[in-house]
Amino acid sequence: MVVLMTALGIVLMVLGLLLSIAWHELGHLATAKMFGIRCTQYMVGFGKTLWSTHRGGTEYGVKLVPLGGYVRMVGMMPPAKQRPDTGKPLSRWRAMAEDAREASVGDIEPGDEDRQFYQRAPWKRLIVMFAGPAMNLVLALVLFAGLLMGVGIYQSTTTVGSVHECVVPAASADDSCPADAEPSPAAKAGLEPGDRITAVNGVATPDWRAVQDAIRSNIGPGTIDVERDGQTLSLSTDFIANEVAKTDADGNIVVRTDAQGDPVLDDQGRQVPETVTAGFVGFVPTYERQTLSAGESAVFFGETTLSVGKAIITLPAKVPGVFEAAFLGAERAPDSPVGVVGASRIGGEILALPAPMLDRAAMVLNLLAGINLFLFAFNMVPILPLDGGHIAGALWESVRRRFAKFLRRPDPGPVDVAQLMPVAYVVVACFLCFSLLLLIADIVNPVRLMQ
């Protein structure tokens, strides 16, 4: 059954990734056709064509390698400006640019004289290129909104889940109690699983954050009010100073990092939290699914977007770690980047977990939403051949034309993106090498949910 669920999870994740790619390219296709640009191909994947069909002058198809997709539009590059013939051979840079231009011109057919991409106003080209990443952003928003506002996420409650038998520092790798360990204040006070904490030192605690803050800010004798079997009890206890996990402004545990910014792991592969000295009682709360409001969901989405942006910025720094994991047997970091194979394997692991189906489905959808958010942010990076590179070109052309108009100079015409194609080739080569590296690492040393 585990093998079956793993296989099903992998298949569903692959389909989800293909859907995300197709959804992205649909944004380009729809807006390009809306502005009268002829599109010759709409393809999901690269390499050999597995299936295709022609509709309305466009070939729709699926290719072998699911690492992306594309919409081929005629006239992506403007014609070359007339230059005086010096008789000198073209530089390697110019030759690469002209080769790319000739390949683009090869798609133009009779009747395309006014249906080319470069002929459209900069704002129209900006919309066409932004529409692809925007589709991923919309899909991520819909998935996150459904999960957060519809299904909810697990959050700590004011109900006691378990009581620590003894006092153990948060940084300790061993949770067991030594023979000479001091009993925890919660155990001494008679706190029991199922008790709902209503107040600490007489101050009401409507949620877990209030309980946590009240306990950590008190050291010395005090009281904890609980509801147990319909009765309200006031338990006397001592809030002792102990080494506890540090939390941020939102109550999330702060993970200790090394000099490279990677999480520090203990001998069992668990992330080690940063610690502070604060008040301590010694119990663990229960966790329940709770839906978020629209405002809370917006904050969550914003924080996730910032995390994705940070991940993209730090992506080059993680390449050595992936290389070491792939070829040198180094441990694969939990936050290591993954490719299509890695994401699919994680999807399979999720569906095979011994957890309620709702939890597993929510985790898969959360993973897919995060991938779409990453696709949006990554494609907005302003370098060719990414969509952000074309967007930057359209913006620069608009600024240049407005500036020329203000100075009453001739229209400078469209930005010649063909001049940047050598840079695009380097970016593509780096992307292919990184994708191959991820593929090897995901096969020989994958990121696993259960370390």
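Trainee: Where is the place of Arg38?

Mentor: In this predicted model, Arg38 lies in the loop that runs between α1 and β1 (39-55).

Trainee: Is Arg38 buried or exposed?

Mentor: Burial is read from relative accessibility, with values under 20% taken as buried. Arg38 has a relative accessibility of 11%, and therefore counts as buried.

Trainee: Which residues does Arg38 touch, leaving aside those up to four places away in sequence?

Mentor: Arg38 touches Gly57, Arg72, Met73, Val74, Asp107, Glu109, Asp112 and Arg115.

Trainee: How many of the residues of the protein count as buried, as a percentage?

Mentor: The buried share is 39% of the 451 residues. The protein has 11 helices and 9 strands. Among contacts with a separation of 6 or more, 68% join residues 24 or more positions apart.

Trainee: What describes two packed helices?

Mentor: The description consists of the angle between their axes and the distance between the axes. Consider helix α1 (residues 2-34) and helix α8 (residues 340-351): their axes come within 7 Å and cross at roughly 135 degrees. This angle makes α1 oblique to α8. The crossing of the two helices is right-handed.

Trainee: Which residues of α1 and α8 meet?

Mentor: On the α1 side they are Met5, Thr6, Leu8, Gly9, Ile10, Leu12, Met13, Val14 and Leu17. On the α8 side they are Val340, Ala343, Ser344, Arg345, Gly347, Gly348 and Leu351. Sorted by class, this contact comprises 10 nonpolar, 5 polar and 1 charged residues.

Trainee: At what angle do α8 and helix α9 pack?

Mentor: The angle between α8 and α9 (residues 357-379) is about 160 degrees, and their axes are 8 Å apart. Angles over 145 degrees count as roughly antiparallel, and α8 and α9 are therefore roughly antiparallel to each other. Their crossing is right-handed. From α8, the contact draws on Ala343, Ile346, Gly347, Ile350 and Leu351; from α9, on Arg360, Met363, Val364, Leu367 and Ile371. These residues divide into 8 nonpolar, 1 polar and 1 charged.

Trainee: How many disulfides does the structure hold?

Mentor: A disulfide calls for two cysteine sulfur atoms within 2.5 Å. The structure holds 0 disulfides. For Cys430, the closest cysteine sulfur is that of Cys433, and the separation of 6.6 Å is too far for a bond. Cys433 is likewise in no disulfide.

Trainee: Is Cys433 buried or exposed?

Mentor: Its relative accessible area is 56%, so Cys433 is exposed.

Methods. Residues are numbered from 1 along each chain as its sequence is written. This is a predicted model: local features need pLDDT of at least 70, side-chain atom pairs count only at pLDDT 80 or more; totals for chains, interfaces and linings use all residues. Side-chain values use heavy atoms; hydrogens and water are left out. Axes are lines fitted to C-alpha atoms, for helices over the stretch in contact, and angles run from 0 to 180 degrees between N-to-C directions. Helices (H or I, at least four residues) and strands (E, at least two) are DSSP runs, numbered from the N terminus. Angles under 35 degrees count as roughly parallel, over 145 as roughly antiparallel, 65 to 115 as roughly perpendicular and the rest as oblique. A crossing is left-handed if the near helix is turned anticlockwise from the far one by less than a right angle, and right-handed if clockwise. Contact means heavy atoms within 4.5 Å. Ala, Val, Leu, Ile, Met, Phe, Trp, Tyr, Cys and Pro count as nonpolar, Asp, Glu, Lys and Arg as charged, and the others, Gly among them, as polar. Buried means under 20% relative accessible area, exposed over 50%, partly exposed in between (1.4 Å probe, protein chains only).
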